[in-house]
Amino acid sequence: MTFQVHRVAVIGAGTMGVGIAQAAATAGWHTLLTDARPEILPSALLSIGKTLEGAVTRGKLAADERDRIRERISIVNSIAEASRNADLVIEAVIEDLGVKQGVLAEVARVVSDTALLATNTSSLSVGALAAGLPRPARLVGLHFFNPVHLMRLVEIVIHDLADDSTREDALSVVKALRKEAVVVKDSPGFASSRLGVVLGLEAIRMVEQGVASPADIDRAIELGYNHPMGPLRLTDVVGLDVRLRIAEYLHSTLKEDQYQPPELMRRMVAQGELGKKSGKGFYEWPEG
Ligand code: NAI
């Protein structure tokens, strides 16, 4: 029987949580969005409204459908309230094992036995996140890409304790979201982050060594290899802090030099140059 989703909880209303909540509501699901900082929730809703409005302006979405999507999203002040009646819970909090374990433990205390739990981690071990849960078999990695409304891929990450129904349910969720799935074994960085981060880190090392300007390095990859976006602009879009955490994690688990974060990256993060979300990274944002 196909997995039926009616209510979804999205935990974490940052860059990814906002996009995932919008995608869930667009799939027709009642979506509850929460964050440890409840004060950011109204602006999360505004940002979803803006993205939907953009789609209406471009003729991609009917105005009445925009209203229906918007009405399906509610903000709530606690993880328990969001998760209690959810069929699917997706966590998109910061990339920190301890924080994610804490969030999932809180979800597990209230969620139904049949609910599917998903983590949007871009690199952490899904198995390690599952290990502490009462029903580890029901956790899966659903790795969305940024910006969620434009990116078609979702990496489904299957850890050793997951069962077949979890895999099937995850596939049906991705299909209902009208996205494309690839199924990957739980291993550091999965398929996409492991490859993508190496390219990004090497590009930063090249800036550090004065090989070329960020714009020229990006252009080389965009025009020479047909990537839609160069690795430095992509790092700005993802967030330097997010990528730094991923690099540190990959370096500590895979123990290979190519994952060592460059000094320039650490310095920029320390200075608050996080990319698009802070207004400055390798580029000035919004781009002039
Ligand atoms: P973000 O920093 O924009 O948002 C994280 C949100 O989590 C913040 O609003 C924060 O207040 C909230 N949070 C922190 N601790 C919490 C807790 N205990 N309970 C509830 N909320 C809490 O981060 P972003 O970029 O949205 O990343 C979220 C996750 O998605 C990370 O695991 C990241 O690796 C992953 N990811 C990020 C992508 C990107 O391009 N930014 C792409 C794919 C995955």
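# Chat about helix packing, a ligand and some backbone details

Mentor: Let's start with α8 and helix α12 (residues 263-270), which pack at an angle of about 90 degrees, with their axes 8 Å apart. Keep in mind that this is a predicted model.

Trainee: Okay, so are α8 and α12 roughly parallel or roughly perpendicular?

Mentor: Angles from 65 to 115 degrees count as roughly perpendicular, so that is what α8 is to α12.

Trainee: Which residues in α8 and α12 meet?

Mentor: On the α8 side you have L201, I204, V207 and E208. They meet E263, L264 and M265 of α12.

Trainee: And how do the residues of that contact divide by class?

Mentor: Between α8 and α12 there are five nonpolar residues, two charged ones and no polar ones.

Trainee: Where does α10 come in, and at what angle does it pack with α8?

Mentor: Helix α10 covers residues 231-238 and α8 covers residues 192-208. The two pack at about 110 degrees, and their axes are 9 Å apart. That angle therefore makes α8 and α10 roughly perpendicular to each other.

Trainee: Is that crossing left-handed or right-handed?

Mentor: Left-handed, for α8 and α10. From α8, the contact uses L199, G200, A203, I204 and V207, while α10 brings P231, L232 and T235. By class, this contact of α8 with α10 has six nonpolar residues, two polar ones and no charged ones.

Trainee: What about α10 and α11, how do their axes cross?

Mentor: Helix α11 spans residues 240-254, and its axis comes within 6 Å of the α10 axis, crossing at roughly 100 degrees. α10 and α11 are therefore roughly perpendicular to each other.

Trainee: Which residues meet there?

Mentor: P231, L234, T235, D236 and V238 in α10 meet L240, V242 and R243 in α11. That contact of α10 with α11 splits into five nonpolar, one polar and two charged residues.

Trainee: Changing topic: which residues come nearest to the ligand?

Mentor: There are 24 residues around the ligand, and M16, D35, E95, K100 and S122 come nearest.

Trainee: What does the backbone of M16 do there?

Mentor: A polar backbone atom of M16 is 2.8 Å from an oxygen atom of the ligand. T15 has a backbone N or O atom 3.0 Å from a ligand oxygen atom. For V93, a backbone N or O atom lies 3.3 Å from an oxygen atom of the ligand.

How values were computed: Residues are numbered from 1 along each chain as its sequence is written. This is a predicted model: local features need pLDDT of at least 70, side-chain atom pairs count only at pLDDT 80 or more; totals for chains, interfaces and linings use all residues. Side-chain values use heavy atoms; hydrogens and water are left out. Axes are lines fitted to C-alpha atoms, for helices over the stretch in contact, and angles run from 0 to 180 degrees between N-to-C directions. Helices (H or I, at least four residues) and strands (E, at least two) are DSSP runs, numbered from the N terminus. Angles under 35 degrees count as roughly parallel, over 145 as roughly antiparallel, 65 to 115 as roughly perpendicular and the rest as oblique. A crossing is left-handed if the near helix is turned anticlockwise from the far one by less than a right angle, and right-handed if clockwise. Contact means heavy atoms within 4.5 Å. Ala, Val, Leu, Ile, Met, Phe, Trp, Tyr, Cys and Pro count as nonpolar, Asp, Glu, Lys and Arg as charged, and the others, Gly among them, as polar. A residue is near a molecule or strand if one of its heavy atoms lies within 4 Å of it. A polar contact is a pair of N or O atoms within 3.5 Å; within protein, one must be able to donate a hydrogen and the other to accept it, and residues adjacent in sequence count only if both atoms are side-chain atoms.
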